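These are my notebook entries on one structure. I kept them in the order in which I looked things up.

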Amino acid sequence: MLWLILPAVLLGTVLQRISGTGVGLVVAPAFAIALGGSNGVFLTNVTTTVSGFLLTCALWRMVNWKQWSILCASALIGTVPGAVIVRLTPGPILQLVVGLVVLLGMVVILVGNQGSERYGKGLTVASGAAGGLLNVTAGVAAPAMVVYSRVTRWKQAEYSATMQPVFMTLGVTSLAAKFLAGAVQHASTPTPWLFVGVAAMVLLGLGIGTPLVKRVPASTARTLALILAGSGAVLAILKGALGLFG
C-alpha cells in the first residue's frame, strides 16, 4: 500500500507547488485503489489539508484572502450534503465516483471555458459550492477551481497561491463534516504512521518543487498531473466495478 500512496503524495505535491493544483488529482485515485472509496477520500482530505497548509506558509503574501473567504464560505453549501452522501454510499460505488469525477475533471480542465472574461459574486459562490461538494465526496476540488480561474482570467501567480489556503480549508471542513455526519469508518481509518509518512512526503515535495517553479511551466506540470490522474482514475473505476459486480 505504501509503495503506491507515498510516491503519489510526493509527486502530487511537486506538481501542486509548480502549477497550484495536483495533489488531489494525483492522490485521490491512488488512495481509492489502495484504501477503498471512503478511507481513500478521507486520507486525500488529510493530505490536501497538510499540503495546503505548508504551501500557504510559503506563499501567504501572494494570497488573495478576499477570494479565499468567499470561495471557502460558499464551499459549505456543497460540503454538508456531500458528507451525508459519503455516509450513505458503499465503498465500491465511492471508488467509481472518485474515478469518474477525476476523469470528468480532466475533460473540464482541458476544454474549460476560454470565452469572454466573466466576474460576479454568484460565479464565485457557485464555484465554491461545486468545489466543496467535489472535495468531500471525491477529494478533488481542482476542476471547479481551475474552471473558475479560467473564466475570471485569474493571474497564475495569485491563483496558485490562493488555492493553497482554499485546499487546506476545504480539507478541514470536509473532514469536520464527515465526523459530524458519521461518515468516517473509525475501525478501518489508516494508522497514524501513514499520516506521518504523508506529511514527510509533502515536505519533501515542497523541497523538490520550489526550485522547479521557475524552470518548469505550470502548463507542463498540470498536463503531467492530468496524465497520472487519468491513469489512476481508470484503475479506481475498474476496482470499484469489480467490487460491485465481481
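**Ground rules.** I am working from a predicted model, in which local features need pLDDT of at least 70, side-chain atom pairs count only at pLDDT 80 or more, and totals for chains, interfaces and linings use all residues. Residues are numbered from 1 along each chain as its sequence is written, and side-chain values use heavy atoms, with hydrogens and water left out.

**Leu59.** I looked up Leu59 and found it in helix α3, residues 37-59. Helices here are DSSP runs of H or I with at least four residues, numbered from the N terminus. Leu59 is buried at a relative accessible area of 10%; buried means under 20%, exposed over 50%, and partly exposed in between, with a 1.4 Å probe and protein chains only. Leaving aside residues up to four places away in sequence, I list Arg17, Ala161 and Gln164 as its contacts (heavy atoms within 4.5 Å). From the C-alpha atom of Leu59 to that of Leu35, 24 residues apart along the chain, I noted 32 Å.

**Cores.** I took a nonpolar core as a set of buried Ala, Val, Leu, Ile, Met, Phe, Trp, Tyr and Cys residues joined through side-chain atoms within 4.5 Å. The largest one has 34 residues, and Leu25, Leu71, Val98, Met145, Met163 and Val166 have the most contacts inside it. Elements giving two or more residues to this core are α2 (23-35), α4 (65-88), α5 (91-111), α7 (142-151), α8 (156-181) and α10 (218-245). The largest share, six residues, is from α5. Met163 touches Gly20, Leu71, Met145 and Trp154, again not counting residues up to four places away in sequence. I also found a second, separate core of 26 residues, with Ile5, Val184, Leu206 and Ala221 among them.

**Pocket and cavity.** The search used a 1 Å grid over the protein atoms alone: a cavity is a set of points where a 1.4 Å probe fits but cannot get out, a pocket is an open set with protein on both sides within 12 Å along at least five of seven lines, and lining residues have an atom within 4 Å of a point. Grid points are joined across faces, edges and corners, and a volume is the space filled by probe spheres set on the points.

I recorded about 240 Å³ for the largest pocket. Its lining has 13 residues, with Leu4, Ala8, Val26, Ala30 and Leu228 nearest the centre. Five of the lining residues come from α10, the largest share. By type, the lining holds 11 nonpolar, two polar and no charged residues.

The whole structure has one cavity of 30 Å³ or more. The largest cavity has a volume of about 90 Å³. It too is lined by 13 residues, and Gly24, Thr48, Ala141, Ala142 and Phe167 are closest to its centre. α2 gives the most to this lining, three residues.

**Aromatic pairs.** I found four in the whole structure; rings of Phe, Tyr and Trp (its six-membered ring) pair if their centres lie within 6.5 Å, and planes under 30 degrees apart count as stacked, over 60 as edge-to-face and the rest as tilted. Phe42 and Phe179 are edge-to-face, 6.0 Å centre to centre with 85 degrees between the planes. Phe42 is in α3 and Phe179 in α8, so the pair ties together parts 137 residues apart in sequence.

Conventions: Nonpolar A, V, L, I, M, F, W, Y, C, P; charged D, E, K, R; others polar.
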